[in-house]
Amino acid sequence: AAEQAARRRKLIVSAGYFAMEPKRTPPAEPKEALPLRLKLLLSLGDGTTMIHSMIAGFYLNHFFLETCCLDPGLVAIIHLVQGTFDTINDPVVGYLSDRTRTCWGRRRPWLLGGGPIIGVSYILLWNTLPQDVSMVWRTLYHMAAYMCVSVGITMIIVPCGALVSELTTNYDERTTVSALRMIGVGIMGTGSAFVHSLIVSDRSPAQYRISALIFGTLMCCGAWVIFAGIREQQQSFASAEVPVHFFQDLREILCSRGFLFVSIIYLCGPTAVMLAQSNLFLFCKYVIRDPDLIQIAVPLVAVTGMGCVPFWMVVGHRTSKRTMYFCSGTMMAASFLAMTFIESKEALLAVATSFGCCLTAVYMVPWAMLPDVVEEDVRRTGRRREGMFTSLFAVSLKLSSTLALTMSNLILKEAGYVAPVSTCGGGVADMDTDSDADLSRQPQAVLLGVRLLCGVIPASLLFIAMATALFSKGRTHEAENDTQTQTKAPENATLEIPELPEVEKVIQDIQRIRKPTDTDTWSI
């Protein structure tokens, strides 16, 4: 009896060793809150790129059409080629950053090199070539400069987006970081758009060059500040040595259901915003017949958007990211539909206020959902591919800009858009910029096209984005809590030991496979 009892105790200990060991899973990331300094630096990355996005969103299409005097069809080609280039540029940078190994880390070297690229190319983009240069060469020049700006933006936004997933896995921390990134976007975007509007008050080529010199230098310095202030975690280098091919990573990520849903949301929402944003100047000038109204509407949109970020943070923490997107998307769609009918300045400013209140949520929610998708991929595959995920996700934003601007220029060309005499009249020197002759030159088809581009079309895209969010599998606080408790054993857990022959059989099967050591991790 004593021998049998001792043997049973030995079998129970052995079975407990094998049964109670956790499964081999990727190590959980630390749940501590990120320091405020890191959050501000990550928000600076988005704010730096938003300088270009905000200024270009409101003024670049107008600059191409009425300062460079390019044909709308050629402007559409510029945006289409640049957007196609982005679909290749972003994933390549993400793939290479995942496999970069330097003493500075994986992401920081890209920030160091991206600063000068975006600074110089931004200055070249806003430079106007003489009118005696053929339109084809002017088109090629601006196309090349635009593509270089895209490379610089990618070298900043991809590392910053990947660092969010690497530095924290906490649900609320990611939402907070995304919100602070939107605050950085609001502050720097609002300030840059407002200062730019003051510098280019007469919209002359010399004023555009001065503005480009100022903000190009600022973006270069912003990238270098992030490089100097952030330190990467050492465990990020482990996944860089996994021998996985680029196209295999690309195929696996694009087959991820969660990633596809989040990308569609991020494609439709910003496309809707970009359509209204890029045509707002033409709406003020030709529909409301007050081109100076743009200097009030742009800061109003940006300030209200930045002021509503804390409100959307509270909504996201107390409900879910999808609920926050439904609320903001519904309000923004109503604002777009109102743009189809308004006629007065006061109505436009009211719509701009409503539009600004929802603006940040349309961008903040998809970026807050992306780290959840990345973390799910880590649990499923055991590999960290934040760079690839972020770069492919950034393609959605680049495609939204491409679709919006290409669609806008094609519609304007088909509607019969007429270049203004004051800037493209060829020797007409006695006419002021934005004169009454310019305001009355556009046919009714152009005015209708501008209304559609600012109203019905973006509202339809927002409804598609909300429908996609409805069918996506969102992650909630409950899901986060379940994930955190999966790796924790219950405090009062007990092991039910089967009958002696069954335990003996299990141990014999395992020992035939391999004799365990102290460093092995087993599971049954």
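Student: Let's start with Glu343: buried or exposed?
Tutor: Glu343 is exposed, because its relative accessible area is 56% and the cut-off for exposed is over 50%. Keep in mind that this is a predicted model.

Student: Which side chain does Glu343 meet in a salt bridge?
Tutor: That would be the side chain of Arg451, with 2.9 Å from N to O.

Student: Where do Glu343 and Arg451 lie in the chain?
Tutor: Glu343 is in the loop between α12 (321–339) and α13, while Arg451 belongs to helix α17 (residues 444–454). The pair links distant parts of the chain, 108 residues apart.

Student: And Arg451, buried or exposed?
Tutor: Arg451 counts as buried, at 11% relative accessibility.

Student: How many salt bridges turn up in the whole structure?
Tutor: A search finds 7. One of them is between Asp290 and Lys345, whose side chains meet at 3.1 Å, N to O.

Student: What does the Asp290 and Lys345 pair tie together?
Tutor: Asp290 sits in the loop between α9 (257–287) and α10 (294–307), and Lys345 is in helix α13 (residues 345–381), so the bridge ties together parts that are 55 residues apart in sequence. Asp290 counts as buried at 15% relative accessibility, whereas Lys345 is partly exposed at 40%.

Student: Which residue does Glu376 pair with?
Tutor: Glu376 forms a salt bridge with Arg379, and their closest N and O atoms are 2.7 Å apart. Both residues are in helix α13, and because they are 3 residues apart, about one helical turn separates them. Glu376 is partly exposed, with a relative accessible area of 41%, and Arg379 is partly exposed too, at 34%.

Student: Switching to rings, how many aromatic pairs are there?
Tutor: The search of the whole structure finds 12 aromatic pairs. Among them is Phe63 with Trp126, a tilted pair at 5.0 Å centre to centre and 50° between the planes.

Student: Where do Phe63 and Trp126 sit?
Tutor: Phe63 is in helix α2 (residues 36–66), and Trp126 is in the loop between α4 (108–125) and α5 (135–167). They are 63 residues apart, and the pair links distant parts of the chain. Phe63 is buried at 0% relative accessibility, and Trp126 is buried at 1%.

Student: What about Trp126 and Tyr208, how are they arranged?
Tutor: Those two are stacked, at 5.7 Å centre to centre with 15° between the planes. Tyr208 is in helix α7 (residues 205–229), 82 residues from Trp126. Tyr208 is buried, and so is Trp126.

Student: Which residues form the aromatic cluster?
Tutor: Phe63, Phe64, Tyr122, Trp126 and Tyr208 form one aromatic cluster.

Student: What lies over the face of Phe227?
Tutor: Arg108 does, at 4.5 Å from the ring centre.

Student: Last one, which residues does Met143 touch?
Tutor: Leaving out residues up to four places away in sequence, Met143 touches Ile77, Ile78 and Val81. Met143 is found in helix α5 and counts as buried, at 12% relative accessibility.

Student: How many residues apart are Met143 and Leu125 in sequence?
Tutor: They are 18 residues apart in sequence, and 8.4 Å apart in space, C-alpha to C-alpha.

How values were computed. Residues are numbered from 1 along each chain as its sequence is written. This is a predicted model: local features need pLDDT of at least 70, side-chain atom pairs count only at pLDDT 80 or more; totals for chains, interfaces and linings use all residues. Side-chain values use heavy atoms; hydrogens and water are left out. Rings of Phe, Tyr and Trp (its six-membered ring) pair if their centres lie within 6.5 Å; planes under 30 degrees apart count as stacked, over 60 as edge-to-face and the rest as tilted. Helices (H or I, at least four residues) and strands (E, at least two) are DSSP runs, numbered from the N terminus. Buried means under 20% relative accessible area, exposed over 50%, partly exposed in between (1.4 Å probe, protein chains only). A charge sits over a ring if NZ of Lys or CZ of Arg is within 6 Å of the ring centre and within 35 degrees of the ring normal. A salt bridge is a side-chain nitrogen of Lys or Arg within 4 Å of a carboxyl oxygen of Asp or Glu. Contact means heavy atoms within 4.5 Å.
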